[in-house]
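Visitor: I'm new to reading protein structures, and I'd like to go through one with you. Could you put it up so that I can ask about it?

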Number of protein chains: 2
Amino acid sequence: MMDTHLSRLEAVLAASAIDGVLLTSTESLAYFAGFEAQVEWGSAPWLPCPAAYLWLRGEGPVLFLAEGETPPTNLEFDLIPFASYAYTEPFPGISSLIAPLVSRLRQIPGAKIGAELPWLPSAVFASLVEACPEVHFVDIPSKLAELRAVKTAPELQRLRQAVKLCDRGQRAARELAREGMTEIELYSLVHAAMEAEAGCRVPVLADLLSGPRTAQVGGPPSSRILCQQDLVLVDLVARRDGYWGDSCNTFVIGPPSEPQRELFDRVLTALREAIAQVRPGLLVSDLDSFLRQRLVENGGSFPHHAGHGIGVAWHEEPRIVPYSASVLCEGMVIALEPGIYVEGQYGLRLESIIAVTSTGAELLTGFNHTL
Amino acid sequence: MMDTHLSRLEAVLAASAIDGVLLTSTESLAYFAGFEAQVEWGSAPWLPCPAAYLWLRGEGPVLFLAEGETPPTNLEFDLIPFASYAYTEPFPGISSLIAPLVSRLRQIPGAKIGAELPWLPSAVFASLVEACPEVHFVDIPSKLAELRAVKTAPELQRLRQAVKLCDRGQRAARELAREGMTEIELYSLVHAAMEAEAGCRVPVLADLLSGPRTAQVGGPPSSRILCQQDLVLVDLVARRDGYWGDSCNTFVIGPPSEPQRELFDRVLTALREAIAQVRPGLLVSDLDSFLRQRLVENGGSFPHHAGHGIGVAWHEEPRIVPYSASVLCEGMVIALEPGIYVEGQYGLRLESIIAVTSTGAELLTGFNHTL
């Protein structure tokens with residue numbers, strides 16, 4: 001998998017006369033090195049980054065990894081450790097990361113190095129610029145976003161697993177939600193169900209809103225108590241093996257009212273019709289405007305994107321937005337998430353993950369949206 | 001609270017002729033601006049930072065905050081929004097953050113600005129250096145660590161709440177652990193208990209190890225099944241309102257064996273004796289060596305620090321390590337975490353949070369360590 005990703009990178013960079021890359025974003029570390037950075041309790045308060053990936057044209061890639069971090073499994077290229085906090089001697093700072101980077105970069109006088117400046121710590125950048133004044137850093141996140149948009153077969157497999165975890169969470173939410181429970185109680189149970197399925201901790205980005213709060217579109221679970229007839233909006237984005245899944249359902253506590261059923265049907269029909277549109281060659285902006293039009297034609301608003309790509313990031317290209325210039329291609333994996341919201345009153349959103357196939361779309365989401 | 005923190009900063013910087021600070025670490029944003037960055041699902045894949053804190057000598061501080069981020073409550077100083085991802089128009093990058101920063105920095109020709117280079121994104125740093133070539137950035141994380149080590153009364157209050165949340169988690173772990181349950185199942189239940197107590201999501205760093213895995217000292221919960229006579233090591237580090245609590249207990253599934261009881265008593269006695277040593281003026285290295293000696297005198301190893309400061313970071317000064325040059329001061333809040341480990345066999349660790357008072361120590365941890 002890593003080989004294919006590096007080949008793609010080489011191809012993308014060939015045109016730009018870039019001599020190599022130094023990558024430090026969580027996403028690139030997962031994509032190119034298979035390193036899964038922890039994201040659940042913030043970064044270590046002494047280290048600027050847990051790892052850095054260096055690739056120079058004509059050489060094999062190298063992963064610099066802070067001591068104490070778990071190396072990727074099946075790593076097929078060099079791993080060079082650098083110092084982290086230890087109880088035996090004072091933390092020496094990042095000198096043991098910088099020194100080997102400098103010696104490699106100096107081998108290519110005037111090298112043009114692709115980097116992710118938004119996610120490259122200034123401590124690393126400033127040290128390298130000082131030690132290698134001839135090296136020229138070029139910001140390449142948009143190139144990386146482009147090459148990641150189309151998934152390989154092994155990536156699709158990972159995404160299926162991540163989506164399956166979200167399915168588990170959605171089924172748990174539907175089964176466990178009860179009048180009298182708080183939003184956060186429901187969320188914790190849902191999270192526990194996903195962790196039991198995965199057998200390990202699962203990072204989750206979630207919106208969990210109930211009653212009038214659903215009109216807010218998004219937000220974390222609160223201590224609001226679920227009441228009869230409440231809409232409950234549950235958007236679960238969970239990571240497994242470095243890849244994120246996504247999902248959203250909205251259901252009712254107790255029997256739905258007629259207007260709730262009509263609202264649900266409108267959104268579900270829009271989602272199904274949008275999925276039926278998906279095929280290689282479709283303009284992303286057309287997909288966005290199709291959904292946007294269908295959702296607001298009978299009142300209510302739709303104040304967010306129609307969807308987004310997903311992979312090692314929970315939100316990546318192609319973003320399904322009115323201003324997109326992208327075209328759907330075979331191998332892209334996208335979330336579609338239509339919703340209808342009425343300010344101060346209610347909101348309802350349904351989301352599925354879809355892989356673009358050679359002829360149309362394959363639905364990866366396995367749970368059934370039910371009100 | 002923020003006023004006191006800024007006054008401390010002014011005092012620390014006075015000696016260094018620094019004209020102001022630009023701070024971007026999660027810890028500094030919490031400490032100086034009361035901004036609680038989310039840490040549970042990684043950073044937004046399009047933004048280098050959710051916020052930046054600027055203070056220039058003689059002026060009020062300013063918080064630059066990405067659109068969509070939740071502003072701190074009771075913010076008493078200026079807030080300037082900058083663009084984030086939107087569905088209505090393409091993401092413009094960080095220009096709306098850089099432009100107002102540049103116009104402020106240019107007002108002080110040749111300004112010396114304190115920054116946290118390990119946590120300042122290169123995209124911000126490089127843009128500022130290019131636009132304001134006369135500004136000189138000075139790396140100040142060690143000064144910030146120093147001023148944060150002694151807590152104010154409102155901080156102590158926050159820490160009490162965070163520690164109480166850990167108490168809740170430890171009580172839940174002791175009550176809910178059962179033979180046949182997996183480590184991750186136990187962890188999820190414990191996390192749920194803390195979230196129910198807090199009424200919101202709770203970021204947690206946790207070690208949860210059972211049986212022979214306890215010898216590994218640390219690591220996340222796995223799918224290992226808890227068995228009779230297993231030691232279960234539960235280290236819970238939880239954040240509430242921007243402040244972290246910490247705690248560790250180790251207990252047995254079923255009735256403890258005599259050797260398990262002896263081991264537990266040795267570690268608990270060491271912890272109590274160490275707490276009794278705590279007072280202003282004590283050399284941190286003496287506290288470390290006291291614990292280290294007591295723990296290994298009857299066999300087993302103690303291959304980690306004896307403790308650490310805690311606050312807006314889960315790990316900060318003073319670190320209780322052999323090489324520390326620090327002295328305990330009134331107002332410091334520290335974790336003490338003695339443990340004994342025998343490679344490949346077992347490990348047992350107990351941890352409490354202690355505030356250094358004018359005359360000795362106050363135990364903040366409220367749960368009882370029980371085997």
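Visitor: Okay, what do the buried residues of helix 5 of chain B pack against?

Guide: They pack against helix 2, strand 6 (136-139) and strand 11 (316-320) of chain B. Helices (H or I, at least four residues) and strands (E, at least two) are DSSP runs, numbered from the N terminus, and two residues are in contact if their C-beta atoms, placed from the backbone, lie within 7 Å. Please keep in mind that this is a predicted model, in which local features need pLDDT of at least 70, side-chain atom pairs count only at pLDDT 80 or more, and totals for chains, interfaces and linings use all residues. Residues are numbered from 1 along each chain as its sequence is written, while chains are lettered from A and ligands numbered from 1 in the order in which they are written.

Visitor: And which residues of helix 5 of chain B are buried?

Guide: In helix 5 (residues 141-148) of chain B, the buried ones are P141(B), L144(B) and R148(B). They lie on the same side of that helix, because they cover an arc of only 60° around the axis, the arc being that of the directions from the helix axis to the C-beta atoms. A residue is buried if 20 or more other C-beta atoms lie within 10 Å of its own, exposed if 12 or fewer, and partly exposed in between, with C-beta atoms placed from the backbone.

Visitor: Switching to chain A, how many helices and strands are there?

Guide: Chain A has nine helices and 16 strands, and buried residues make up 50% of its 371 residues. Its C-alpha atoms fill a box of roughly 70 × 50 × 35 Å along the principal axes.

Visitor: How do helix 1 and helix 2 of chain A cross?

Guide: The axes of helix 1 (residues 2-14) and helix 2 (residues 26-33) of chain A come within 7 Å and cross at roughly 115°; axes are lines fitted to C-alpha atoms, for helices over the stretch in contact, and angles run from 0 to 180 degrees between N-to-C directions. The contact is made by M2(A), H5(A) and L6(A) of helix 1 and Y31(A), F32(A) and A33(A) of helix 2.

Visitor: Last topic, how many residues does each chain bring to the contact between chain B and chain A?

Guide: The contact takes 46 residues from chain B and 46 residues from chain A. On the side of chain B that touches chain A, helix 7 of chain B gives the largest share, eight residues.
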